[in-house]
Amino acid sequence: MEENIIKPKYDGKPLEHDFDGIKELNNPIPPWLVYIWYISVIFSVIYFVYYHIYELGDLQDAEYERQMAQANANVEKHKVESGQAALVLLTSSEDLAAGEVIYKEKLCATCHGQLGEGNVIGPNLTDKYWIHGNTIEDLYNVIFNGVPTKGMTPYKGQLSDEKILQVSSYVLKKLQGSNPPNAKEAQGELMN
Ligand code: HEC
């Protein structure tokens with residue numbers, strides 16, 4: 001029994017150094033552990049280059065933001081699909097003023113003109129001709145989903161239902177029927 005404690009089970013030779021008669025035996029760690037270590041070193045280099053040098057992937061915060069935006073968009077979509085959002089034309093002056101602010105802040109004006117007159121990018125929103133219709137539902141849908149193939153930005157995830165209704169109401173109540181200078185030629189069909 002005592003023999004066993006003193007004599008090593010492997011035939012490794014003692015290392016050269018010696019301290020007060022205490023010798024160290026060469027006892028290498030198993031190869032599989034060494035390989036795991038090599039792999040983690042290689043992995044960390046790839047990780048560092050990918051995320052921190054070329055910044056190709058989203059770090060935690062950005063990924064969190066992205067997933068939350070996606071989740072919010074899904075909530076909005078679900079509300080509309082399940083008919084929970086009441087799509088009503090808003091008429092109070094507060095809502096219409098809020099709609100005007102959104103129209104200017106959310107770059108609607110860049111593509112549709114400051115006064116809704118239209119420009120080379122977006123159609124005129126002041127005439128009675130509409131490509132997608134002029135009910136509150138029509139406007140809600142076109143602003144919520146956008147028309148990506150035609151260059152109209154989707155605002156789901158960016159604007160709440162209420163804000164989409166405010167800006168839609170602003171377009172229908174304030175811009176439609178106004179007569180701005182430099183109005184773009186009519187597109188779509190004549191609506192009531
Ligand atoms: C990047 C440019 C761009 C931005 C930003 C943009 N639009 Fe548009 N919008 C378009 C284009 C282009 C169309 C025409 C789509 C088509 O031809 O189907 C359009 C169509 C529309 C329509 C339907 C018009 C019709 O005749 O049926 C409405 C309403 C509208 N946009 C409102 C808005 C509002 C409100 C905003 C801001 C919240 C906005 N748009 C922001 C480019 C834009």
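How many aromatic pairs does a search of the whole structure find?

1. The search of the whole structure, which is a predicted model, finds seven aromatic pairs. One of them joins tryptophan 37 and tyrosine 38: the ring centres are 5.8 Å apart and the planes stand at 50°, so this pair is classed as tilted.

2. Tryptophan 37 has 54% relative accessibility and counts as exposed, because the class begins over 50%. Tyrosine 38, at 43% relative accessibility, counts as partly exposed.

3. A further pair is made by tyrosine 47 and tyrosine 51. Their ring centres lie 4.6 Å apart with the planes at 40°, so this pair is tilted as well. Both residues belong to helix 2 (residues 31-53), where they are four residues apart, about one turn of the helix.

4. As for accessibility, tyrosine 47 is partly exposed, with a relative accessible area of 38%. Tyrosine 51 is also partly exposed, its relative accessible area being 24%; buried would require a value under 20%.

5. Turning to the ligand, which residues are the closest to it? They are Cys108, Cys111, His112, His132 and Met152, out of 21 residues that surround the ligand. By class, this shell has 15 nonpolar, five polar and one charged residues.

6. Helix 5 (108-112) and helix 6 (136-145) each supply at least two of the residues around the ligand. The space that the ligand takes up is the largest pocket.

7. An N or O atom in the side chain of histidine 112 is 2.8 Å from a nitrogen atom of the ligand. For histidine 132, a polar side-chain atom lies 2.6 Å from an oxygen atom of the ligand.

Conventions:
Residues are numbered from 1 along each chain as its sequence is written. This is a predicted model: local features need pLDDT of at least 70, side-chain atom pairs count only at pLDDT 80 or more; totals for chains, interfaces and linings use all residues. Side-chain values use heavy atoms; hydrogens and water are left out. A residue is near a molecule or strand if one of its heavy atoms lies within 4 Å of it. A polar contact is a pair of N or O atoms within 3.5 Å; within protein, one must be able to donate a hydrogen and the other to accept it, and residues adjacent in sequence count only if both atoms are side-chain atoms. On a 1 Å grid over the protein atoms alone, a cavity is a set of points where a 1.4 Å probe fits but cannot get out, and a pocket is an open set with protein on both sides within 12 Å along at least five of seven lines; lining residues have an atom within 4 Å of a point. A molecule sits in a cavity or pocket if more than half of its atoms lie within 2 Å of its grid points. Ala, Val, Leu, Ile, Met, Phe, Trp, Tyr, Cys and Pro count as nonpolar, Asp, Glu, Lys and Arg as charged, and the others, Gly among them, as polar. Rings of Phe, Tyr and Trp (its six-membered ring) pair if their centres lie within 6.5 Å; planes under 30 degrees apart count as stacked, over 60 as edge-to-face and the rest as tilted. Buried means under 20% relative accessible area, exposed over 50%, partly exposed in between (1.4 Å probe, protein chains only).
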